[in-house]
Amino acid sequence: MKDKLPFSSYMAIGFMLFALFFGAGNLIFPAQLGQNAGTNLWPAAFGFLITGVGLPLLGILAMGFSGSRNLQELASRVHPIYGIFFTALLYLTIGPFFAAPRTGTVAFEVGIAPFVSEGSQQTVLLIFTIIFFAIALLFSLFPAKIVDNVGKLLAPFLVVLLVVLLLVALFNPMGSIQAPQEAYQSGAFMGGFLEGYNTMDALASLVFGIIVINVIRSLGVTSKGEILRATAKSGVIAISLLGIIYVGIAYLGATSTSVLGLFDTGGPVLSGAASHYFGMFGSIMMAIVITLACLTTAIGLITANAEYFHTLFPKISYKVLVVFFSTLTFVIANFGLANIITYSIPVLMFLYPLAIVLMLLTFISPLFNHARVVYVATTAVTFLISIFDGLKALCDSLGIDYFSWMKPVVSFYEQVLPFYDQGLGWLLPALIVILITGLASKLQKVSSAQEA
C-alpha cells in the first residue's frame with residue numbers, strides 16, 4: 001500500500017492518458033477551427049478548450065470522485081437499465097461505430113493519401129487499415145502493458161514531433177490571419193464550444209478515467225482520497241498537453257488560410273503545413289505523427305470496448321472481443337471519413353448533454369443525499385431535449401427536412417428554451433430540475449428525521 005506516488009508515476013500515467021485522448025479529431029478539428037474562426041480565433045479557441053479540455057478533465061475527476069468501479073455503475077444511479085443503455089451506447093460511439101474507425105481514416109487521409117494517386121485511394125486505404133488495425137489489435141491483446149507501451153514509448157515521441165512543427169509555425173507563420181467565415185463572424189465562442197464535441201474526449205474520459213484509476217491502484221494506492229488526488233494530477237498533466245497542442249494547431253490553421261486556402265476539414269491543413277515548412281521530410285514527419293496519434297487512441301478504444309462488453313457477456317473472452325471490435329472497426333473505417341463524421345454528429349448532440357449532466361450530478365450528489373429522484377428527473381428532462389437535438393442534426397447532415405412529428409416539438413423548444421439554437425437548450429431545464437428535486441429530497445429527509 002502506498003500513500004503517495006512519485007512524480008515520475010504521475011508523468012507516466014499523464015502521458016498515457018494524453019496518448020489515449022490524442023487521436024484523429026484532436027488533430028483535424030482544431031486546425032479546421034483555426035481556419036474558420038480567422039481573426040476570431042481566440043474566443044473560438046476558448047470555447048473549444050472548455051469542451052475539448054475542461055469537460056474531459058471533469059469526466060476523469062467525476063469517475064475518481066464517484067468511487068464507482070466503472071461507468072455503468074455510475075450511470076446506474078439513474079436506473080440499472082439506463083446504466084447499461086448509456087454505457088453501451090457511449091462505448092460503441094467512441095469505439096467501433098465512430099471514433100475508432102475515424103482514427104484509421106484520418107491517419108490515411110492526412111498521412112498517406114498525399115502520396116497516393118486519386119484512382120488508387122480506396123485500394124491503398126484497404127491495405128493501410130488492415131495493417132493499422134492489425135497493430136492496434138496486437139497492442140490491445142496485452143492491456144497490462146498499456147503504461148509501458150503507450151505512456152512511456154509512443155506519447156513522448158508524438159509530443160516531440162508535434163512541438164517541432166508548431167514551434168516553427170509560431171515563430172514563422174505561413175501568412176496573415178484572415179477574416180472569419182460566416183459561422184464564426186458572430187458567436188465564435190459557441191462555435192468553438194460545439195466544435196469541441198467532435199473530439200469525443202468528454203465521452204472518452206468516462207471510459208479512460210477507469211483505466212487511469214486501475215493503473216493507480218495497480219501501483220499500490222488504495223485510499224479513495226489518494227486515488228482522487230493521483231487521478232487529478234495525472235489528468236492535469238494530460239489535459240495541459242492537450243490544451244497547448246490544441247491552441248498551437250488552431251493558430252497554425254488560422255495562419256494557413258492565405259497560403260493553403262480554405263479546406264472542408266483540418267486534415268489537409270496539417271499535411272500542407274508540414275510540406276510548406278519541411279518539404280518531403282515534413283510530409284513524412286506528418287505521416288508519422290498522424291499514425292502514432294491515431295494508433296494510440298485506437299488501442300485505448302478497442303481495449304476499453306473489449307473490457308466492458310466482456311463484463312456484460314462474460315462467456316465471451318476478452319481476446320475474442322478484441323478481435324471482433326478490431327475487425328468491425330476496420331470494416332466501418334473503409335466507408336470513409338466523410339460518412340463517419342456525418343453520422344457521428346447526431347449521436348454526439350444526443351449523448352453529450354447526458355454525459356455532462358451525469359458528471360454534474362456526480363459532484364453535487366452529496367448535497368441531495370444521492371437521491372435517485374434527482375438523477376432520474378434531471379436525466380429524463382435532458383433526454384427529452386437532447387434526443388431532438390440529435391434528430392435535428394441527423395436531418396441537417398442528410399440534407400432532409402425535419403420529420404413532420406418533430407416540427408411541433410422543435411418549434412416549441414425554439415420558442416421556450418434559452419440557448420436552444422446554440423445546442424444548449426437542455427442546460428437551464430436540467431439546472432432547474434436539479435434545484436427543485438434536490439431541495440425536495442432534502443426537505444423530505446428533514447421531515448422524516450423530525451417525525452422519527
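Colleague: Is His370 buried, partly exposed or exposed?

Modeller: In this predicted model, His370 lies in the loop between H14 and helix H15 (372–398). Buried means under 20% relative accessible area and exposed means over 50%, with partly exposed in between. His370 has a relative accessibility of 48%, so the residue counts as partly exposed.

Colleague: What is the phi of His370?

Modeller: Most residues other than glycine have a negative phi. His370 is not a glycine, yet its phi is positive, at about 60 degrees.

Colleague: In which loop is Met200 found, and is Met200 buried or exposed?

Modeller: Met200 also calls for attention to its backbone, with a positive phi near 65 degrees in a residue other than glycine. Met200 is found in the loop between H9 and helix H10 (201–218). Its relative accessibility is 2%, and Met200 therefore counts as buried.

Colleague: How many of the eight residues of helix H9 are buried?

Modeller: Helix H9 spans residues 188–195 and is mostly covered. Among the buried residues of H9 are Met190, Phe193 and Glu195. The number of buried residues in H9 is six.

Colleague: How far apart are the C-alpha atoms of Met174 and Ile332?

Modeller: Met174 is found in the loop between helix H8 (146–171) and H9. With a relative accessible area of 10%, Met174 is buried. Met174 and Ile332 are 158 residues apart along the chain, and their C-alpha atoms are separated by 36 Å.

Colleague: How many salt bridges does the structure hold?

Modeller: Side chains of opposite charge can pair when their charged atoms come close. One of the pairs is Glu73 with Arg69, at 2.6 Å from N to O. Another is Asp401 with Lys407, whose closest N and O atoms are 3.0 Å apart. The structure holds a total of three.

Colleague: Which helix holds both Arg229 and Glu226?

Modeller: The side chains of Arg229 and Glu226 meet in a salt bridge, at 3.1 Å from N to O. An α-helix has 3.6 residues a turn, so residues three or four places apart point the same way. Arg229 and Glu226 are three residues apart, about one turn, and both lie in helix H11 (residues 224–260).

Colleague: Which helix gives the most to the nonpolar patch?

Modeller: The patch on the surface is formed by Phe115, Phe157, Met280, Ile284 and Ile288, with about 480 Å² of accessible area together. Phe115 has its place in the loop between helix H6 (99–112) and helix H7 (121–140), and at 43% relative accessibility Phe115 counts as partly exposed. The helix that gives the most, with three residues, is H12 (residues 267–312).

Note on methods:
Residues numbered from 1 in each chain as written. Predicted model: local features only at pLDDT ≥ 70, side-chain atom pairs only at ≥ 80, totals over all residues. Heavy atoms only, no water. Salt bridge = Lys/Arg side-chain N within 4 Å of Asp/Glu carboxyl O. Helix = DSSP H or I, 4+ residues; strand = E, 2+ residues; numbered from the N terminus. Patch = residues over 30% accessible without salt bridge, like charges linked within 9 Å, V, L, I, M, F, W, Y side chains within 5 Å. Areas by Shrake-Rupley, 256 points an atom, 1.4 Å probe, with all protein chains shown as cover. Buried < 20%, exposed > 50% of the residue type's maximum accessible area, 1.4 Å probe, protein only.
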